[in-house]
Amino acid sequence: MEDRTQIIPSVDPNVTRMNAGITQMGGQPTQMLGGPLQTVMGSTGGTLQLEFLAGNQYAMAPEVTRDHGLLILTAGDLQAGRRAPINVCLCIDRSGSMEGEPLEYVKRACDYVVDMLEPDDILSIVTFEEQVDVLMPARKVLNKSLVKEHIHRLSVGNTTNLYDGLIAGCMQIASVQQVSQGYVNRVLLLTDGEPTVGLKDYTSIVQQVAEQKARGITVTALGFGPDYREELMSGIARRSGGNYYYIQRPDLLPEVFRRELESLMHVVAKNVKVKFHLSRWVQMRQVYGQQPTFGPRTVEVSVPDIERGTTRTLLVDVELDKHPAGTYRVVRAEVTFDDVIFNRPSTLSADCTFQFTNDRTLVQAGVNRTVATEIEIAQASINLQRTMMGLKTQQLTAMGALSELQKTRTILMQAGQTDQAQQVDAAIAGLQRGTGDVDKTLMGAALQLDQGTRK
Amino acid sequence: MSDDTNRVMPSVSERTMVPGTDLNSTQMLSVDPLRTQMGAVTTCPVCKTTVPAMEKYCSDCGYLLEAGEPPAPDLAVVAGNSAPAELFDPADGRTYPLRSGTTTIGRQGADIITTEGTVSRLHAKVTVDGGRVIIEDLGSSNGTRVEGARILPNTAVEVEDGANIRLGNWKLVLNLLVSNAVAEQTIDVAAAVGNQPEEDLHEGAEAEPLTATEPEPVAVLRWTEGPGVDVLIPAGTITLGRRPENTIVLTGDQYVSGRHASLSASVNRLILTDDGSRNGTLVNGDRLQEHQPVELFAGDTIKIGQTTYQLAFVTSNTSQQENVVPHE
């Protein structure tokens, strides 16, 4: 990361990023780990680093300008080997349709989870069909073979009461929240179908997820097979800041569980919230892919947990009124999060600045390439959603969708988002074979793009 | 930037509590004592806000304070900054500027973007032209309402200051920022002065140069009956009603609505619009349709609430002889 640290950013024309300062809430200077890297700005060396890039170093002083700001949160890989304990609930659909191979693979996937846990981790298992059962209340896994024995007694029931199952899962997480301060918590919600009992509508379920999120409980949505509702499952993940997986075949279940667990174990920052403070003569028009809370001169968004070695971005759209010539901070971003490596709350802040000028050639040359790439990625997500909508309303033929997806795929490849490009590839293949799961695949790609998951 | 008065040395913890105040990291390394003064204040040369001296940027406008005075303190830019109108969201206190010309509103690719789910991708457009604000629904799914009445898609509807506008379930209030509107008009008029044809008054009645320069009334509503009193009408767009934010506040009559009607007045032409008043506005005995502008002529009887008036134009004694247009 040290190559990003400019000693005197204000006079370097290539660096539109301005300062990023860190304050630990205890008033401690930020000397922690990583020795030599953190001496210059006071912003490096922490669990997270923050940058706030302007879409252009310059803006025309006598005009109204629309441009972008890009917030980049980077979690270094310095703490490799250390991790925060996790509090995880497996919330499993055991409706009739899970009978046979799926349930066997679910058991295997649960075994896998049990094997991955360390003594401090907390596990609970909730199953739901017509009714909800707590197969294992939240506790540390001391006797792994005993837990597995319980898991292997799983049998199928009939209907799907997803809503109550979800609540029971969240309650298990909450039941140990007192002792699991500093734990990374997550409900893994697995279902293969539509909710058939209890509250079934999208709004009620997603509203419940939002309430749980407000209590600090995140839900990852695992959709299995061809019959689950992808809008619902991706909506849950989106609202919760969790992940979304489309699991095509039962034999993929253990691998997906492993991946989710691994991602949980890599979380270094949770409850990440960004508050933007707007200067006078500045409007924030939107935060791409987010549902922000707007105040008169503030904009707040909640950001999903951040894993070490990864980057999360937030792209914002600003409108700048005319300014007298000069350099201005147009937006200040304040990021608060729970540092789960050091188990303490932390705050970072960074400024997005523009230099207002009367020289149009400066503005033309001042575009920031990193931000330009992010704008393309945001556009790719909008394209994906448009393609899905077009297919659904049949305003787009399969051929039309194919060419749209190929265009989007190219954009993603050029922007370096290979994971999502591969998912688009899978959707293209699905579209060509007529498998009917194009939406299930694309929902995940669009969500990851909107959540700002990079690398 | 370093104001020497009121100097207090900060404790170490105070110093570290202020995040990101220092861009110039070389200074950060050799902690400059002058830069960490607490208590001293400075004034932003651009927006005149008082800021703690240790701040790097003005806390209001964001100006980089260490740059000193801006090379050309272009105060005209600052003064003329705001848009002539804005939409205000009472739910979150957010305002959306409406600049002269057309502003689109929707969930995607619009000038004003919302995340409200009942708003269509491209829902409506608002056109600001001088003091007039026109809204048009662009065929939205959930419709656009002005003062509770759903407007037809793809049909321009004039909205008045203070009007409640609803896009889907998203409620907004239109605020005309009068002073700016007048300032803009004044500039427009100054540019066009000398060749102002009378026909112009038809559409842009409020662009009449008298607005800014001459506060004299162009017409008078003479009281004939009821609890009210004479009303002097200045040029420009004015609103009538009981609420204090109206241009002309009609206090004496209980039957006048908070926002009752509006008038668009020039030296020889007067357009009256009922703004959805509860008890209506009558011209020569006929009740006006809501939001349908009607031209008034000298001698018309106008009833607002329980008060009846008779309209007379005020003939200016300056160079306005040709303005006496004989109607009937």
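This briefing covers a helix pair in chain A, and a sheet and a serine in chain B. The structure is a predicted model. In chain A, helices α4 and α5 come within 9 Å of each other, axis to axis. In chain B, 6 strands form an open antiparallel sheet, and B:Ser257 sits in a loop between β17 and β18.

**Helix pair in chain A**

- Helix α4 of chain A spans residues 202-214 and helix α5 of chain A spans residues 230-240; their axes cross at roughly 25 degrees.
- Angles under 35 degrees count as roughly parallel, so α4(A) and α5(A) are roughly parallel to each other.
- The crossing of these two helices, α4(A) and α5(A), is right-handed.
- Residues of α4(A) that meet α5(A) include A:Tyr202, A:Ile205 and A:Val206, while those on the α5(A) side include A:Glu231, A:Leu232 and A:Gly235.

**Sheet in chain B**

- The strand order is β4-β3-β13-β12-β9-β10 in chain B.
- β4 (94-98) and β10 (149-150) of chain B stand at the edges with a single partner strand each, so one side of each has no neighbour in the sheet.
- Strands β12 (residues 164-167) and β13 (residues 170-176) of chain B run antiparallel and are joined by 4 bridges.
- B:Leu167 has B:Trp170 in β13(B) as its bridge partner.

- A polar atom of the B:Ser257 side chain lies 2.8 Å from the backbone nitrogen of B:Arg278.
- Leaving aside neighbours within four places in sequence, the residues in contact with B:Ser257 are B:Gly241, B:Arg242, B:Ser277, B:Arg278 and B:Asn279.

Definitions and conventions:
Residues numbered from 1 in each chain as written. Chains lettered and ligands numbered in written order. Predicted model: local features only at pLDDT ≥ 70, side-chain atom pairs only at ≥ 80, totals over all residues. Heavy atoms only, no water. Polar contact = N/O pair within 3.5 Å; in protein donor to acceptor, adjacent residues only side chain to side chain. Contact = heavy atoms within 4.5 Å. Pairing = 2+ DSSP bridges. Axes fitted to C-alpha atoms, helices over the stretch in contact; angles between N-to-C directions. Parallel < 35°, antiparallel > 145°, perpendicular 65-115°, else oblique. Left-handed = near helix turned anticlockwise from the far one by under 90°.
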